Amino acid sequence: MRLPFRQQEAKDSLYSIEVKGLTKCFGEFTAVDHISFEVKKGEIFGFLGANGAGKTTAIRMLCSLLQPTSGEAMVAGYDLATQPKLIKRHIGYMSQKFSLYDDLTIFENMQLFGTIYGISRKELKDRIFSSLEMLNLEDKSKTLVSSIPLGWKQKLSFATAMLHRPDIVFLDEPTSGVDPIVRREFWNLIYEAASNGVTIFVTTHYMDEAEYCGRISIMANGQLKLIGTPTELKEQMQVDSIEKVFVKYVVR
Amino acid sequence: MKELRQILRKEFTHIFRDRITLFLVLAIPIMLVLLFGFTISTDIHHATISVLDLANDSQSKTLVENITASGYFEVVSYPKSESEIDHDFKDKNIKLAIIIPNNFEEQLTTDKFVTIQIISDVSDMNVASILNNYVKAILHDFTDEYNGTATVPIELCTQMMYNPEANSVYMFVPGIITLIMIIVTALMSSITLAREVETGTMRMLLIAPVKKAWVVVGKVIPYMILSFISTITIIVISVVVFQMPIKGSVWLLLLVCVIFMLTSAAFGTAISSLVKTQIDAMMITMMGLFLPTALLSGFLFPIDNMPYFFQILANVFPGKWFIIAIKDVMLKGSGFMDIWLYMLILFLMAAVLMTLSLIRLDKRR
């Protein structure tokens, strides 16, 4: 059954992501099994699960990189099935794997991605320099990306994903492999973006980071097992940390 | 269009920053042509031979003169009998002996049929067959001069027609162009596309609201331009240094090259759509395209001499059609109407593969 979505304009809603029965099968294997949830606008939504639980597949479907087998979703107010192009304009994405070009400079990387999102040249230059300023990298714009440390690269990826001012940003394990100080700085960036009304959809394996989220969900075997605020989940499972919730659920 | 321009700009930046690859891509074609042209040449000049002239009349002397004047042969000995020829092979290291029979002139005028015996040292088969062909060509010319009343037993070698000196550079140039285009266009674009998949940047591009076709086209065009530059370099060197003729239209030749570039690019794109890593892209392009093209396109081994299965298989690889087309244009002076079929085959290969790989890329989204 299809919801009566309006075709071209973004649906005005309290939620920036609404997912109903989203499923992805690869042959016999069901990677994502009828998951349903909502994410409010400006919320920091933690998407947890063990390796292979189906998180990345779910994110790739929400970014319209992968066609769902069944189910439906509204992302940034657009229908995933009929308006993938509009969704792409309104979302940002950053993956665990650093994915900027090593042999281009910081400025060239940002200019490339800004341009393909259709930002005008002058506007783009202003945005690039203001975000480099925020990251304290303004004097590094001509540095090749290959020669900067991983922590900087991750922050730079985030800034690049935010250049076109998306409504939602998907972060797939953005802090894996970086030191605790950079992780803290990174989360400051996330908070700042969220306070500007950007919805943050983040996956992580760091349970302390899960505590920073407004709400979290836990996936196991392709299914969404739990969803709620960190406090709710801890009370529900009668434990004192998200880590214990996670271990209890994933082991079950 | 702005997006395409940006992707092109990015790709050129990659290329110009990677100086070593750029140098190799531009220098290798030049090195290859010069190498093939000067060293791996199968032309033989001044091959040492013996002539046993049993007739010793005016016609036989003319024939021997023709043979020496050709430049291919140097007569090092005039044995008096057949037994001496054997010594010449061993002691004077001759490659070939020619025996002109008794009463050569008489037979030529009255019997209208003469048998000339050639004894070759076939320990090097290639040299032997090339020298045999030279002798046949000289005999052919000789009978022509003799106003065609006599028939000297001659097998016609069709290749001799368009490359009378059997100049091997002419044979290698189309092959080198083919291999270079496959390396620069197919190999480089399959590797560079696979690199984007491997490093994850492809996902960043596909997640952006940019047409997938632009991503592929933007990545492939720079390598097509590079291979076009290489192709022109090869052609210029072969014309200037090796006096290779371009009997047909230069524009038609360039058009054929552009079409083959599209085909190579399409093969590269198709291969990259099947693989996830640069190594796989490289291995498949080398083993699945480069090697079969080198072996089956008729550039190293004549297709007609292959087992039937390989003759059929050769049709699948674009190199065969391209080599036929450019040889025809350069050596025979063929026009568009003569080679349109080959061009169509190449173009269809390009269109089908490009469509399939875009569809596959679209499924990945």
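Guide: Happy to. In this model, 19 residues of chain B are in contact with 21 residues of chain A, where contact puts two C-beta atoms, placed from the backbone, within 7 Å. This is a predicted model, in which local features need pLDDT of at least 70 and side-chain atom pairs count only at pLDDT 80 or more, while totals for chains, interfaces and linings use all residues. Residues are numbered from 1 along each chain as its sequence is written, with chains lettered from A and ligands numbered from 1 in the order in which they are written.

Visitor: Over to chain A. How many residues of helix α3 are buried?

Guide: Nine of the eleven residues in α3(A) (residues 106–116) are buried, so this helix is mostly covered. Buried means 20 or more other C-beta atoms within 10 Å of the residue's own, exposed means 12 or fewer, and partly exposed is in between, with C-beta atoms placed from the backbone. Among the buried ones are Ile106(A), Met110(A), Leu112(A) and Phe113(A).

Visitor: What do they pack against?

Guide: The buried residues of α3(A) pack against α4 (121–134) and α5 of chain A, together with α1 and α9 of chain B. After α3(A) comes Gly118(A), with a positive phi near 80°.

Visitor: How do α5(A) and α6(A) pack?

Guide: Helix α5 (residues 150–162) and helix α6 (residues 180–195) of chain A pack at an angle of about 10°, with their axes 10 Å apart. Axes are lines fitted to C-alpha atoms, for helices over the stretch in contact, and angles run from 0 to 180 degrees between N-to-C directions. α5(A) and α6(A) are therefore roughly parallel, the word for angles under 35 degrees, whereas over 145 is roughly antiparallel, 65 to 115 roughly perpendicular and the rest oblique.

Visitor: Which residues meet there?

Guide: Gly151(A), Gln154(A), Lys155(A), Phe158(A) and Met162(A) in α5(A) meet Val182(A), Glu185(A), Phe186(A), Leu189(A) and Ala193(A) in α6(A). By class, this contact has six nonpolar, two polar and two charged residues.

Visitor: Which residues of the largest nonpolar core touch the most other members?

Guide: Out of 139 residues, they are Val75(A), Val169(A), Phe170(A), Ile200(A), Phe201(A) and Val256(B). A nonpolar core is a set of buried Ala, Val, Leu, Ile, Met, Phe, Trp, Tyr and Cys residues joined through C-beta atoms within 7 Å. Helix α8 (residues 168–199) of chain B supplies the largest share of this core, 17 residues. Another core, of 21 residues, lies apart from it and includes Leu52(B) and Phe142(B).

Visitor: What about domains in chain B?

Guide: The assignment gives domain 1 (2–39 + 167–364) and domain 2 (47–162), with bounds from an automatic or database domain assignment. Their C-alpha centres lie 44 Å apart.

Visitor: Is Ile67(B) buried or exposed?

Guide: Ile67(B) is buried, with 20 other C-beta atoms within 10 Å. This residue sits in helix α3 (residues 58–69) of chain B. Beyond neighbours within four places in sequence, Ile67(B) is in contact with Phe73(B) and Ile138(B).

Visitor: How does α3(B) pack with α5(B)?

Guide: α3(B) and helix α5 (residues 104–111) of chain B pack at about 105°, with their axes 6 Å apart. That makes α3(B) roughly perpendicular to α5(B). The contact is made by Ser58(B), Gln59(B) and Ser60(B) of α3(B) and Phe104(B), Glu105(B) and Leu108(B) of α5(B).

Visitor: Last one: what is the phi of Asn56(B)?

Guide: Positive, about 55°, although Asn56(B) is not a glycine. Most residues other than glycine have a negative phi. Asn56(B) is in the loop between β1 (47–53) and α3 of chain B, and is partly exposed, with 13 other C-beta atoms within 10 Å.

How values were computed: Helix = DSSP H or I, 4+ residues; strand = E, 2+ residues; numbered from the N terminus. Nonpolar A, V, L, I, M, F, W, Y, C, P; charged D, E, K, R; others polar.
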